Amino acid sequence: MKEFLHVGCGKKYKSDLNGFNNDNWNEVRFDIDENVNPDIVGTLTDMNSVETASVDAIYSSHNIEHLYPHEVPLALNEFNRVLKDDGIVVLECPDLQQVCEAVANDKLLEPSYESPSGPISPIDMLFGYRPSLAKGNHYMAHKCGFTYSVLNQAFLQAGFKANFGGKLIWDLWIVSFKQLLTEEEIKKIAEPFYPS
């Protein structure tokens, strides 16, 4: 059985995650917030409680935007360190290009979509989910953001060899590979993880 590190797991489990929601994967939950009962408490920029080259994959949804821009390379270097040589990262984050288009059209406060937690507006995607912040959960503040080209480049600069992904409706999705593979191999590996 392969093992994946569910970084910033929050209240989600592997049963919620495309590609990982099967018997081929064992989930190790990792989060900064002890209240969500992670297996490991830690931060994206300091994952010293995870052994080097110990996991086959990392899944991270809507976490990287909670870092300051100068912390992003630290986090991606940590991802690279804890992954096995043939490991992958599956990551989602807000698409600032789409968000900024909505803001330019004066829709800053208009709901863009309905999440399980409630309506999400461009202001939430830019700065963090307002209801969580209002309750004192400052982990939810957003401190940076990405377009696909910036996200792609950040992974390459951290030593990853290839990326597959693109834009969703409001999000970016990327699968990043530690080893160089053919386009056909990359696509075959990445496709099961495509968000539903």
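Predicted model: local features only at pLDDT ≥ 70, side-chain atom pairs only at ≥ 80, totals over all residues.
Visitor: Is Asn 37 buried or exposed?
Guide: Asn 37 has a positive phi of about 55° although it is not a glycine. Buried means under 20% relative accessible area, exposed over 50%, and partly exposed in between (1.4 Å probe, protein chains only). Because its relative accessibility is 57%, Asn 37 counts as exposed.

Visitor: What is the relative accessible area of Ala 53?
Guide: Ala 53 sits in the loop between β3 and β4 (55-61). Its phi is near 55°, a positive value in a residue other than glycine. Ala 53 is classed as partly exposed because its relative accessible area is 39%.

Visitor: How many salt bridges does the whole structure have?
Guide: Side chains of opposite charge can pair when their charged atoms come close. The criterion is a side-chain nitrogen of Lys or Arg within 4 Å of a carboxyl oxygen of Asp or Glu. A search of the whole structure gives a salt bridge count of four.

Visitor: Which residue forms a salt bridge with Glu 78?
Guide: Glu 78 is buried because its relative accessibility is 13%. With the closest N and O atoms 2.8 Å apart, the residue paired with Glu 78 is Arg 81.

Visitor: What is the N to O distance between Arg 130 and Asp 124?
Guide: Arg 130 is partly exposed at 37% relative accessibility, whereas Asp 124 is buried at 3%. Their side chains meet in a salt bridge with an N to O distance of 2.7 Å.

Visitor: What is the area of the nonpolar surface patch made by Val 103, Leu 108 and Leu 109?
Guide: Patch residues have over 30% relative accessible area and no salt bridge; like charges are joined within 9 Å and nonpolar side chains (Val, Leu, Ile, Met, Phe, Trp, Tyr) within 5 Å. Val 103 lies in helix α2 (residues 96-104) and is partly exposed at 31%. Areas follow the Shrake-Rupley method with a 1.4 Å probe, and for residues only the protein chains shown count as cover. Val 103, Leu 108 and Leu 109 make a patch of about 220 Å².

Visitor: How much space lies in the second largest pocket?
Guide: On a 1 Å grid over the protein atoms alone, a pocket is an open set of points with protein on both sides within 12 Å along at least five of seven lines, whereas in a cavity a 1.4 Å probe fits but cannot get out; lining residues have an atom within 4 Å of a point. The lining here includes Lys 2, Trp 25, Asp 56, Asp 86 and Phe 193. Grid points are joined across faces, edges and corners, and the volume is the space filled by probe spheres set on them. For the second largest pocket the volume is about 190 Å³.

How values were computed: Residues numbered from 1 in each chain as written. Heavy atoms only, no water. Helix = DSSP H or I, 4+ residues; strand = E, 2+ residues; numbered from the N terminus.
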